[in-house]
Amino acid sequence: MNDFDLDDEMDVSGPSEDDSFDTEKIREATRNILLAVGEDPEREGLRRTPTRVANMYGELLAGYTTDPDSIINGALFHVKYDEMVLVRDIEFYSMCEHHMLPFIGRAHVAYIPNGTVVGLSKIPRIVDMFARRLQVQERMTRQIADFIRDLLDPQGVAVVVEGLHLCMMMRGVKKHNARMTTSAMHGAFRANLATRQEFLDNISRGASALQI
Ligand code: ZN
């Protein structure tokens, strides 16, 4: 799966030092899972697995401790521009909260400014902040849209997320159900059919099928 258009620098800061994130508990839990499935946590290949898993969750779930202000970091600009701003094909990696398995895919984010714009590279970081949590795709989509609405007070904001859910793909459910599209719209995108259609046309143009 490597046909994403936008290969942005999505550096991920781990959980902050305040430690709402309990590494030791995850290590212990992982060890218990290994025992529960009949494995030997002391064998060579597994000895460091609890530590690896704890570190991995620190990275995959870093969104809980990401500070929104530090993401935006003053990158708000006042401009007289009132056309649609669109960032499409933002790669994301999230974890379904029902099974703690990944769902991955692309987000498309658009807004129509009302005097304020945000630096373009910040949009993928906003997506990342909400993706790196235990999520359901519907809520993630809504959170991204709400965050941008609250940040910019734009004339409208629209978010479409396409996700592939490993919990569906790996668990013997029919695979065509594994791909899911969700959307959240505010303001002009909700009220104005032409605006919504322009956005949808834009994200479907030249879209390559989401694939793994
Ligand atoms: Zn799931």
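Biologist: Is Cys167 buried or exposed?
Modeller: This is a predicted model, where local features need pLDDT of at least 70, side-chain atom pairs count only at pLDDT 80 or more, and totals for chains, interfaces and linings use all residues. Residues are numbered from 1 along each chain as its sequence is written, and side-chain values use heavy atoms, with hydrogens and water left out. On the scale used here, buried means under 20% relative accessible area, exposed over 50%, and partly exposed in between (1.4 Å probe, protein chains only). Cys167 has a relative accessible area of 5%, so the label is buried.

Biologist: And how many disulfides does the structure hold?
Modeller: A disulfide here is a pair of cysteine sulfur atoms within 2.5 Å. Cys96 is a buried cysteine too, at 4% relative accessibility. The disulfide count for the structure is zero.

Biologist: How many salt bridges does a search of the whole structure find?
Modeller: The criterion is a side-chain nitrogen of Lys or Arg within 4 Å of a carboxyl oxygen of Asp or Glu. One of the pairs is Arg149 with Asp150, at 3.1 Å from N to O. Arg149 is partly exposed at 34%, while Asp150 is exposed at 57%. The whole-structure search gives 10.

Biologist: Which strands hold Glu162 and Arg179?
Modeller: Their side chains meet in a salt bridge, 2.6 Å from N to O. Strands are DSSP runs of E with at least two residues, numbered from the N terminus. The pair ties together parts that are 17 residues apart in sequence, because Glu162 sits in strand 6 (residues 156-165) and Arg179 in strand 7 (residues 179-187).

Biologist: What accessible area do Phe77, Val79 and Tyr81 have together?
Modeller: Val79 is in the loop between strand 1 (76-78) and strand 2 (85-96), partly exposed at 31%. Patches take residues with over 30% relative accessible area and no salt bridge, joining like charges within 9 Å and nonpolar side chains (Val, Leu, Ile, Met, Phe, Trp, Tyr) within 5 Å. Areas come from the Shrake-Rupley method with a 1.4 Å probe, and for residues only the protein chains shown count as cover. These three form a nonpolar surface patch of about 260 Å².

How values were computed
Helix = DSSP H or I, 4+ residues; strand = E, 2+ residues; numbered from the N terminus.
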